[in-house]
Amino acid sequence: MEKSHRHHPNHSSSSSSSSTHFRSQKFRSNPTTKDGKFTKNNNPNAREDFVKPRRPSQQAQQHVDDSSNLPVLLGTCPFMCPVAERVQRERLRDLAVFERLDGNPRKTSSDLAVKKFCRTISIRDMPTSDLRPLPVLEDTLDYLLSFLDSSEHPFEVVHDFIFDRTRSIRQDLSMQNIDNEKAIYMYEKMVRFHVMSLHKLRSCTNENISSVHYLNMEQLTKALTTLFNLYDANRSSESINENEAEFRSFYVLLHLGSNSQSTGESLSLWFRQVPIPIIKSKEMCFARRILRFFRMGNYKRFLLTTAAEASFLQYCIIEPYIIEVRELALSCINNGGYKLHPYPLTHLSKLLMMKESDLVSFCSACGLEMVTDEVGNKSLPTKQTTFCSPKGGSQSYGFLNLEPFER
């Protein structure tokens, strides 16, 4: 039985603050957002980024003909995992810890086993009994996401299980050409999983966690691309999906920083394809302001705007760049302040939106020493020559006003 879909509200509020703009080359460089080259069409009414297609070769035309003759598949598997796969994986002891019946690595059930992702798979050789129809895929996805609240296993283990099984769900959706609104809701849930994982994986200490981060970002980018295509395919007139603005803003925020993993085409080309109502939405306006403040090195407005307007999912993407902004702020205050006038810790705490205890630790990691006056008030002496980037810069400190998000 198909499930109803819940509305996920967007979190936002309006707040703005002015400050002196500090420029830093570190925050301006971002090769992933430079304009790519494209061919203009001679037709003045054509889109600027339109490239006139060449006549397909005989081999390419044959490929098109073959694709049009591919069978239309409708899955008939009533379980989360096809019976044949379940039996084979029991025999090979290929069961995840969440799939084992009573902890037995050679025994599972239809209520526990979930179909694994298979890279080398052909649509021509796929029996419909191995494909799960949409209602089963919806139930399977909800079952998988229920493990996000599990505290029985480390998040790395939970992530590895959901990561693989959601790829299999996307594969089944693609093979059956399911592209309706229910597919949109499913992709939104899967994108949420990958975005939340950006936040949760930062607290993991596994030695291979960097590769897990990379793979998670890779699948986030792919899922977002498909989600955007689904939005466009289901668009009627000028209407937009209720969550589309926030999910489109993720793409912009993923361009923060010069070392960001490639997210596909450049922003300037991407914005031309985004509907005007999305461009004017509060979620997209927030993302564009954050990107601008980051590149300008305007740390005060970056932090204030994040605290005032970021949704939880937007914060998950912005979080790793907050420490870079705080590092820039400390550098500017240390180099630009008066040596005879130390910067009060209470003021610095409000500026960087950090607890004073975290701030002392952060200053120490940056090579800066605090002083205490006769009353017991701490302050930061400026013009210290020992400033340096913190070692192990991935360490995350609390963010005032966002404690509910971090919990």
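Glu319 is buried, with a relative accessible area of 9% (buried means under 20%, exposed over 50% and partly exposed in between, with a 1.4 Å probe and protein chains only). The structure is a predicted model, in which local features need pLDDT of at least 70 and side-chain atom pairs count only at pLDDT 80 or more, whereas totals for chains, interfaces and linings use all residues. Residues are numbered from 1 along each chain as its sequence is written, and side-chain values use heavy atoms, with hydrogens and water left out.

In total, 15 salt bridges are present, a salt bridge being a side-chain nitrogen of Lys or Arg within 4 Å of a carboxyl oxygen of Asp or Glu. One of them joins Glu319 to Arg202, with the closest N and O atoms 2.7 Å apart. Because Arg202 belongs to the loop between α6 and α7 (209-233) and Glu319 to helix α13 (residues 312-336), this pair ties together parts that are 117 residues apart in sequence; helices (H or I, at least four residues) and strands (E, at least two) are DSSP runs, numbered from the N terminus. Arg202 counts as partly exposed, at 23% relative accessibility.

Since Arg132 is located in the loop between α3 (83-91) and α4 (134-145) and Asp172 in helix α5, the pair ties together parts that are 40 residues apart in sequence. Relative accessibility is 0% for Arg132, which counts as buried, and Asp172 is likewise buried at 0%.

Helix α5 (residues 155-175) also holds Ser168, a buried residue with 0% relative accessibility. The side chain of Ser168 reaches the backbone oxygen of Lys115 at 3.4 Å, and a polar atom of that side chain lies 3.4 Å from the backbone oxygen of Lys116. Apart from neighbours within four places in sequence, Ser168 is in contact (heavy atoms within 4.5 Å) with Lys115, Lys116, Phe117 and Arg132.

Tyr251 and Trp270 form a stacked pair, with 4.5 Å from centre to centre and 25 degrees between the planes. This pair links Tyr251 in helix α8 (residues 244-253) with Trp270 in helix α9 (residues 267-271), 19 residues apart. Tyr251 is buried at 6% relative accessible area, as is Trp270 at 4%. Phe98, Tyr143, Phe147 and Phe161 form one aromatic cluster.

Most residues other than glycine have a negative phi. Asn177, in the loop between α5 and α6 (181-200), has a positive phi near 55 degrees and is exposed, at 59% relative accessible area. Lys383, in the loop between β3 (378-380) and α16 (403-406), has a positive phi of about 65 degrees and counts as partly exposed at 40%.

Terms used
Rings of Phe, Tyr and Trp (its six-membered ring) pair if their centres lie within 6.5 Å; planes under 30 degrees apart count as stacked, over 60 as edge-to-face and the rest as tilted. A polar contact is a pair of N or O atoms within 3.5 Å; within protein, one must be able to donate a hydrogen and the other to accept it, and residues adjacent in sequence count only if both atoms are side-chain atoms.
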